[in-house]
Structure formats: C-alpha cells, structure tokens
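Have the sequence and the 3D view open side by side, and take the points in any order you like.

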Amino acid sequence: MKHCLPFLLSVLLFAACETYDCTLYNYVGMYAAFDREGAKVQINDTLTITSGKSGPVLLNHSVNTSSLNLPLSYWQDEDTLVLSVTGPDYFIQDTIWIEKSNQIHYESPDCPTTLFHTIENVRSTHEFIHSITIMRSSVNYETTNNLQIHLL
C-alpha cells in the first residue's frame, strides 16, 4: 500500500487539473441581410457604414454587399449605424438605431469575458430602407441573421 500511495496521489493531481479551451471564435457580432420584396438583394454601389455621424468606420467602401457582420457597442443601450451608399451620380444615407440590452458572458477564469446582446427594438430613417425585421434578437457567438433589412 505504501508503494501505491505516490502513484495514487499523482493520478489524483492529474485528474484534478482541468484544461479549458476558450472559444476560438469568441467574436460577438450582429449579422444582417438585405432583401427587396422577399428576395435577397445586394447593394451594387459603394456602401460605407459608420457608428453615428462622425463615429468610427465599421464597413469601408464595400461593393456588391448582400449581408453584414457588424460589432455592437459594449455598454451603450442604443447603437446608431449610418449607412452611406455612393453611386456614379448620387449619394444617399440612411440611419439605423438599435436598442439593445447587454449581458456579460463568463466561461472560465482562463478565458476573456465577452458581452452578449439582446436586440429589443430597431428603427430607421426611410431613405432607401423600407423596414427592418428582427429575425433573431440574441446576439452571441452564432452566425445566423439577426436583422433582415428590407430595401425600397
């Protein structure tokens, strides 16, 4: 029995160690797609999206855009997205306001804390956006569409 004790202790210590793999894709982003009258469409002209009128650029000079993957702010209860479309002879802007709540997501002391969101309401100006439908209100690690943006 005395000879087995060191072996048993090493097995217990090894079993007590926990290896926790942090999520490799710990990006939390909002996904959206464009449609017109129920059919998927793309914006062929240049699309730029900023956070507010003079905020940081979230999407810069994208062409042939049919879907979006954008971050949401960490602690604000409402995000403002300004969508600017530039064509050969026109410039048009539309603004989207996303009301949301924020939830801290904790996995392990070894992993960074992330923030999940719940979209509560969405509204927009109607320059080229007809309406917006919340498809999935929970914004977390999943990559499914949260918003469907219906164009005029």
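Is Tyr141 buried, partly exposed or exposed? With a relative accessible area of 23%, Tyr141 is partly exposed; here buried means under 20% relative accessible area, exposed over 50%, and partly exposed in between, using a 1.4 Å probe and protein chains only.

1. **Before you start.** This is a predicted model, in which local features need pLDDT of at least 70 and side-chain atom pairs count only at pLDDT 80 or more, while totals for chains, interfaces and linings use all residues. Residues are numbered from 1 along each chain as its sequence is written, and side-chain values use heavy atoms, with hydrogens and water left out.

2. **The overall layout.** The chain has 1 helix and 11 strands, and along the sequence they follow the pattern α-β-β-β-β-β-β-β-β-β-β-β. Helices (H or I, at least four residues) and strands (E, at least two) are DSSP runs, numbered from the N terminus. Of the 152 residues in the chain, 36% are buried. Contact means heavy atoms within 4.5 Å; among contacts in the chain with a separation of 6 or more, 53% are between residues 24 or more positions apart.

3. **The aromatic pair.** Back to Tyr141: the structure holds 1 aromatic pair, and Phe116 and Tyr141 form it edge-to-face, at 5.1 Å centre to centre with 90° between the planes. Phe116 lies in strand S8 (residues 114-124) and Tyr141 in the loop between strand S10 (138-139) and S11, so the pair ties together parts that are 25 residues apart in sequence. Phe116 counts as buried, at 15% relative accessibility. For the terms, rings of Phe, Tyr and Trp (its six-membered ring) pair if their centres lie within 6.5 Å; planes under 30 degrees apart count as stacked, over 60 as edge-to-face and the rest as tilted.

4. **Asp79 in strand S6.** Asp79 is found in strand S6 and counts as buried, at 6% relative accessibility. What does the side chain of Asp79 make a polar contact with? The partner is the side chain of Ser73, at 2.4 Å. A polar contact is a pair of N or O atoms within 3.5 Å; within protein, one must be able to donate a hydrogen and the other to accept it, and residues adjacent in sequence count only if both atoms are side-chain atoms. Leaving aside neighbours within four places in sequence, the contacts of Asp79 include Leu72, Ile96, Trp97 and Lys100.

5. **Thr95 in strand S7.** Thr95 lies in strand S7 (residues 91-105) and is buried, with 9% relative accessibility. Lys53 is 42 residues away from Thr95 in sequence, yet their C-alpha atoms are 9.0 Å apart in space. Beyond four places in sequence, Thr95 is in contact with Lys53, Thr80, Leu81, Val82, Arg123, Ser124 and Thr125.

6. **Arg136 in a loop.** Arg136 sits in the loop between strand S9 (129-134) and S10, and at 18% relative accessibility Arg136 counts as buried. The side chain of Arg136 makes a polar contact with the side chain of Asn140 (2.8 Å). Outside four places in sequence, Arg136 is in contact with Glu142, Thr144, Asn145 and Asn146.

7. **Two positive phi values.** Glu37, in the loop between S1 and strand S2 (39-40), has a phi near 55°, a positive value in a residue other than glycine. Glu37 is exposed, with a relative accessible area of 81%. Asn64 also has a positive phi, about 60°, although it is not a glycine; Asn64 lies in the loop between strand S4 (57-62) and S5 and is partly exposed, at 44%.

8. **The second largest cavity.** Which residues line the second largest cavity? They are Met30, Ala32, Leu68, Leu70, Leu81, Leu83, Ile96, Leu147 and Ile149. By class the lining has 9 nonpolar, no polar and no charged residues (Ala, Val, Leu, Ile, Met, Phe, Trp, Tyr, Cys and Pro count as nonpolar, Asp, Glu, Lys and Arg as charged, and the others, Gly among them, as polar). On a 1 Å grid over the protein atoms alone, a cavity is a set of points where a 1.4 Å probe fits but cannot get out, and a pocket is an open set with protein on both sides within 12 Å along at least five of seven lines; lining residues have an atom within 4 Å of a point.
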